[in-house]
Amino acid sequence: MKRVLCPFLFLFAWFLFACSEGNGVSADYPFGEDDSRMVLMKAKGSTVVLGTTDSSANVIERPSLRVFMDYDFYISRNEVTCGEFNSLMEPATGLVVDCPDDSLPATNMTYFDAVLFANELSKSENRDTAYTYSSKTIDSEKHCVGLEGIEYHPEIATYRLPTEAEWVFAARSNWDPEKAWTSDNSDYKLHPVCSKEDGDGLCDMMGNAMEWANDWLGYFRDTLVLNYVGAPDGGKLSQRVVKGGSFRNRAASLTLYARGDVYTIISSSRADYVGFRLAYGAIPQAAWMGNNGKASSSRVTSLINSSSVYAYTNSYKTKLVFRNDITGNLSFIDYSKGAQSVVEIADTIDSYHPVISPDGKRVAFCTMYEGSRGISELYVRDLNEKGTNLVKLDVESAAIPRWRVLDNGDTVIVYVTSTGVNTNEETFMSTSTWQVPFANGKFGVPQKLFDGAYHGGISKDNRLAVSGASLLRARVADPSSTLEQSARDTVWYNGERACNVSLAQDGSKRTMFLDFAGETGKKFVGNDNAVAAHQYLFIADSTGNLIYSIEAPDGTTFDHTEWANAKANIAVATLTNVNGAHNEIVLLNISGDAPVITLVKGEELWHPDLWSGESIESQGFDELDKDSACVYMTEHSDITTAIMKTKMELFWLYRDTTEVVIIGSSRSFAGVDPELIESYFAVNLSYSAEDLKGTEFFVENYILPLMPKIKYVVLTLDYDRWYVKDGNWNKWFSNIPGYEYDRNHGFWKDGVKADMYAISRGTLNPNELDYFIFTYHRGLFYSETEGWGEDIPDVSEDPAWFDKDDSGMHFNLFTLTRILELCRKANVKVIGVVYPQSPNYLKTGAWGRYGPTREAVKIMQGAVDDLTKAYPNFIVMDENKDGYHDYVAEEFSNMDHLGLKGTEKMSRRLDQKLASW
């Protein structure tokens with residue numbers, strides 16, 4: 001790495017001095033207007049427009065959103081350079097970027113790398129940091145790929161990334177891509193910062209390096225938002241916003257409203273053309289806007305990743321549901337997904353005491369809460385973002401539901417007729433406890449169990465029921481009878497006040513509850529000074545005797561305690577701060593060294609319920625490593641890895657019956673529908689940006705040895721992407737545990753040990769929508785968009801890359817030859833498909849989306865033709881025909897991918913080829 005450290009260190013030291021509070025400027029605005037590093041943006045009172053009304057723009061950019069900015073801020077003159085990044089980060093954190101010149105923008109940076117730089121710069125000046133987190137994950141290349149529990153604090157005046165609104169405000173007055181470093185003049189490489197200036201003292205807002213914004217990517221609405229700071233989280237794909245374009249983009253393609261890249265951008269993404277610049281300043285009354293189109297100064301943030309939850313529940317199939325008391329709606333998090341998005345079910349039904357069904361697919365809830373008076377309604381709905389299939393129990397009053405599975409296998413919901421306080425014996429016995437069957441999305445006929453509103457739960461053996469809405473009441477049956485037959489009603493905890501009662505569902509008959517600083521509790525914990533109600537959580541045994549307690553963290557008290565389903569020592573609760581706000585949901589690891597673990601933070605979060613499905617061990621797969629077997633994606637996985645996770649499940653599901661495998665890049669992912677292949681049973685195992693090295697790996701280690709009926713491999717020939725060698729494979733798959741585990745077991749060539757499909761389903765997964773899109777018709781990418789666009793398309797790579805370096809062609813020819821040799825030995829035939837691209841590339845001089853020149857592709861085509869002569873098991877199916885094909889715009893989804901209509905034509909033709917060969 002080239003270093004120009006001496007002069008740079010002087011400049012950097014000067015920068016820190018100039019930015020310090022010792023220069024006589026206030027803490028909020030510490031830089032003078034003549035400062036050459038940070039530029040003051042006088043935005044207060046301004047309205048900036050994000051997005052566009054252009055109907056041809058990407059859906060994430062439409063419609064336009066107006067943002068009113070009630071504050072000024074600073075933004076750095078230039079993108080952070082390699083020298084700046086390394087001089088600060090290498091000694092402080094070990095993070096380092098490798099680049100040939102310290103004056104170039106620091107690129108190949110994850111969002112987390114940029115966040116850590118902002119924090120370190122803040123700390124170097126003794127300032128608070130804008131970002132907090134609980135732990136970080138650094139990969140082998142010295143980049144941060146994960147910050148668990150990351151929170152952004154807009155109220156703190158310090159260094160941070162600029163919001164999308166701030167970035168657009170700074171760039172809009174001098175937006176002229178013709179003056180930027182773009183593919184038109186950059187020679188497809190980065191240039192030193194500020195070798196071109198935009199005006200207003202800023203450099204490289206357009207082109208050179210694309211830049212991270214601070215925001216999560218959310219959808220826009222045609223509305224006005226005060227001090228907009230993005231979406232509250234990244235949604236199903238955990239997407240981030242990037243701005244400005246880079247040296248790879250044509251000037252004509254750069255727009256102020258663009259906010260994404262060719263591929264999905266997540267926090268751990270890296271690219272050699274993406275860097276960042278900093279902003280400085282607090283954002284008063286910051287507002288997030290979710291996909292429901294409602295802006296709010298409050299948000300709900302998930303602070304723990306799937307692996308951490310798995311460490312406590314021993315299952316990736318874990319879900320948390322709770323009430324957002326600000327809106328009255330139910331919210332949930334599905335921890336079996338890589339992205340911990342907080343999903344709120346927008347509704348008009350006031351929702352209390354939600355509880356997840358035994359299969360994890362539904363949620364029951366009521367409209368009144370413990371201790372209140374009045375009529376309560378009970379509902380069940382699907383646990384998805386729309387809350388579909390809502391049904392209501394048709395009774396006078398039903399409250400605080402609890403699911404049970406009876407000995408005969410029937411699923412029922414236990415409920416009570418009243419949520420009122422139970423101090424008065426006569427009033428309490430005038431209420432009752434009922435159960436109602438629930439099957440096929442419908443309620444059965446309710447059955448009364450006994451008098452008394454025992455809403456804390458009923459034991460598995462039907463001999464104990466508990467309740468607590470002022471008194472800790474228990475209904476206890478002797479060993480020879482049940483609660484429905486004969487039982488005695490009693491009061492536990494010496495008649496002192498108690499509430500939030502929950503009976504364990506693991507058969508232990510332990511009762512969890514909260515007290516009101518009673519004498520019995522003080523004596524048990526040995527703390528006579530315990531004066532706060534709900535300061536301690538207590539657990540009693542089956543006879544009501546106290547056996548355990550947990551003290552709330554300093555400055556908080558407990559509320560809304562609830563055992564997790566069938567988990568021996570796991571529970572959830574809310575924490576209440578000194579102002580009475582329920583701003584945290586915590587997991588309670590009973591008997592653990594650290595018993596209180598924060599799951600979620602927000603403004604008012606009520607009534608959490610945690611559900612976990614079966615672990616791998618409980619399914620009988622004890623001999624496999626639960627932390628590695630079939631773990632084909634992690635929390636830090638790129639979208640590409642997530643796609644292949646779904647394809648690996650298709651592989652394990654259909655490996656014994658598959659005769660044709662379609663594999664390759666996103667062009668085949670979106671180009672062949674296996675269900676339209678009638679001559680053989682086919683599966684599409686393609687993923688986005690797959691190269692021949694990735695194809696070789698799956699063909700050699702999975703397809704040929706483990707698919708006994710395989711006859712054909714249909715692979716993709718992306719001549720314009722033959723500059724790619726094995727970089728993508730190393731980036732996306734080299735650190736994924738499941739593939740390494742398979743490798744360590746010889747890729748199971750000596751025999752598969754268990755139901756790998758079932759194991760894979762039990763590990764971390766994409767969400768349900770992704771499964772639908774990625775595995776439609778056995779692996780086709782589902783896209784309803786149409787058209788290749790009317791404009792001359794952008795060429796995303798250097799069209800002349802072949803002329804500068806043809807080593808990629810030789811690498812790919814060698815890899816293709818090895819695939820053909822492997823298939824020849826296995827008596828498997830290979831079809832190399834060239835998928836059609838927009839004929840508008842004929843106007844660019846490039847062969848396709850990624851170049852190169854047409855003359856270069858002729859050389860590649862000739863070399864591949866030679867391989868068809870050397871390998872009789874190999875033919876080429878050219879559907880592009882150098883742009884002179886017979887596909888029409890309506891059969892495309894974009895410039896180089898077929899849509900559903902084009903896929904039908906392509907698949908029928910492939911089927912004919914297979915049948916005739």
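Is Tyr-654 buried, partly exposed or exposed? Tyr-654 has a relative accessible area of 22%. Buried means under 20% and exposed means over 50%, so Tyr-654 counts as partly exposed. Keep in mind that this is a predicted model.

Tyr-654 has a ring partner, Phe-681. At 22% relative accessibility, Phe-681 also counts as partly exposed. How are two such rings described? A pair of aromatic rings is described by the distance of the centres and the angle of the planes. The ring centres of Tyr-654 and Phe-681 lie 5.4 Å apart, and their planes meet at 55°, so this pair is tilted. Now look at where the partners sit. Tyr-654 belongs to helix α8 (residues 639-654). Phe-681 is in the loop between α9 (666-669) and β45 (682-684). The pair therefore ties together parts that are 27 residues apart in sequence.

The structure holds 54 aromatic pairs. Another of them joins Phe-438 and Phe-443. Here the centres are 5.1 Å apart and the planes stand at 75°, so the pair is edge-to-face. Phe-438 is buried, at 6% relative accessibility. Phe-443 is buried too, with a relative accessible area of 19%.

Ring pairs can also build a cluster. One cluster links Tyr-632, Phe-651, Trp-652, Tyr-687, Phe-697, Phe-698, Tyr-702, Phe-733, Tyr-739 and Phe-747.

The charged end of Arg-761 sits over the ring of Tyr-771, 4.4 Å from the ring's centre. Likewise, the charged end of Lys-829 sits over the ring of Trp-917, at 5.0 Å from the centre.

Next, the cysteines. How many disulfides does a search of the whole structure find? The search finds two. One joins Cys-82 to Cys-99, with 1.9 Å from S to S. This pair links distant parts of the chain, 17 residues apart. Cys-82 is in helix α2 (residues 82-93), while Cys-99 is in the loop between α2 and α3 (111-124). Cys-82 is buried, with a relative accessible area of 1%. Cys-99 is buried as well, at 9%.

The other disulfide joins Cys-194 to Cys-203, with 2.2 Å from S to S. The angle about the S-S bond is 95°, and the link is right-handed. Both of these cysteines are buried. Number the bonded cysteines in sequence order, and the pairing reads 1-2, 3-4.

Cys-499 is buried, with a relative accessible area of 8%.

Technical notes:
Residues are numbered from 1 along each chain as its sequence is written. This is a predicted model: local features need pLDDT of at least 70, side-chain atom pairs count only at pLDDT 80 or more; totals for chains, interfaces and linings use all residues. Side-chain values use heavy atoms; hydrogens and water are left out. A disulfide is a pair of cysteine sulfur atoms within 2.5 Å. Helices (H or I, at least four residues) and strands (E, at least two) are DSSP runs, numbered from the N terminus. Buried means under 20% relative accessible area, exposed over 50%, partly exposed in between (1.4 Å probe, protein chains only). Rings of Phe, Tyr and Trp (its six-membered ring) pair if their centres lie within 6.5 Å; planes under 30 degrees apart count as stacked, over 60 as edge-to-face and the rest as tilted. A charge sits over a ring if NZ of Lys or CZ of Arg is within 6 Å of the ring centre and within 35 degrees of the ring normal.
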